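Please open the structure in your viewer and keep the selection tool at hand.

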Amino acid sequence: MERTTCCVVGGGPAGLMLGLLLARAGIQVTVLEKHGDFLRDFRGDTVHPSTLRLLDELGLGERFARLPSRKLREMRMRIDDTTVVAGDLRHIPGRHKYIAMVPQWDFLDLLAGEAATEPSFTLRMRTTVTGLLTDASGKVTGVRYRSDDGTSGELTADLTVACDGRHSLVRAAAGLTPVAYDVPIDVWQVGVPAPPDASKSGRVFLSVRDGQIAATMDRGDYYQTSYLIKKGSDAELRAHGIDWFRGRLGALLGWDRATTAGIRSWDDVKLLEVTMGRLPRWYTAGLLCIGDAAHTMSPVGGVGVNLAVQDAVAAARILAGPLRRGRVDLRDLARVQKRRLFPTVVTQKQQLAEHEMLLRPALAGTLRGDRLPVPLRMLRRVPPLRTVAGYLGGVGVRPEHAPEFARRPLSR
């Protein structure tokens, strides 16, 4: 039977950040990732100022800056013909006054590559966790896994951390059930090829018109686009045919037929069934859930990745000592939840408020540019409020700093 000190399930932003930080603390950590690489369509690609500052503290800022990226300094939305700057990051405190739009696989490759330089770190790709190991008291003592070649095995650990996302198998195996919130949307995600001569602004913007709402991001050779639909309406809308969708999307975003022709069929349009919820308790003996495994976020604001990273930083700082001593008890795990619960609750309340103020009326066709909700009117009239909104969206509540044991000088 194999053994490690900390078993991290899931090689996403939370899992790899936690693995890197614990390895820098000299703790034996093994990250299990079911895929063979990090290349996945339509993953969160926003790296917020709080995470950019964290990368500087870890000595990775200059290397991150060399990744292909675009910088978002304002968060804009267009409602009919009215433009609202929903957040302005140009005047927030700190060195990074923007959100970096970076393909998530590049971000994960950076974290994995740096973690691999630590002798106590192991990343095992193509390894799917199939269940949990427990002792006679019910404490989680590790995981069962299956590799791509069909072999099975068991890995014991002092602590198992679930970083395996919104549909967490580990969370379910531990009998932890999140409280779900009502959400009004699902999302169609599609990459639309950009014409070679298209002007590139690098902006992300939200557009609302005639009962439609979509957010698009210029990624150079294609537009990464999220088209919001009413919850549960996927099959009904697809029955209209792909030409119907091309026409609707083109009218909303101002794209001509040549551009939308890049959507070849419904196979190019992926459905994200949006869920949102939070575990009442993020842990049980021997097991901790963080990131989407603990609190599933709405795609509003693109904050999920950054909250997951912040969870990982807090967990590493709080648990490194107990892991070194070989004993992590429930009080230690409770400290992690206590530290991260407040920013999670605040962010989810903000998202739920935006659902009611913006998304429901937009899909109902009642949100109009000449009758904006009061908060949006205030943002237009009082520019400093845009900076406040930019800070809340870009830095957030209770941002985490790298623990001293993980800090390194900037590497070039």
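This is a predicted model: local features need pLDDT of at least 70, side-chain atom pairs count only at pLDDT 80 or more; totals for chains, interfaces and linings use all residues.

Residues are numbered from 1 along each chain as its sequence is written, and side-chain values use heavy atoms, with hydrogens and water left out.

**The sheet.** Select β12, β18 and β21, which form an open antiparallel sheet in the order β12-β18-β21. Strands (E, at least two residues) and helices (H or I, at least four) are DSSP runs, numbered from the N terminus; two strands pair if DSSP finds at least two bridges between them. Because β12 (179-180) and β21 (295-296) each have a single partner strand, one side of each lacks a neighbour in the sheet. Within this sheet, Arg 278 has His 295 of β21 as its bridge partner.

**An aromatic pair.** The whole structure holds seven aromatic pairs. Rings of Phe, Tyr and Trp (its six-membered ring) pair if their centres lie within 6.5 Å; planes under 30 degrees apart count as stacked, over 60 as edge-to-face and the rest as tilted. Select Phe 64 and Phe 107, an edge-to-face pair at 6.0 Å centre to centre, with 85° between the planes. Phe 64 belongs to helix α3 and Phe 107 to helix α4, so the pair ties together parts 43 residues apart in sequence.

**A charge over a ring.** Finally, select Arg 124, which lies over the face of Tyr 145, 4.7 Å from the ring centre. The criterion is NZ of Lys or CZ of Arg within 6 Å of the ring centre and within 35 degrees of the ring normal.
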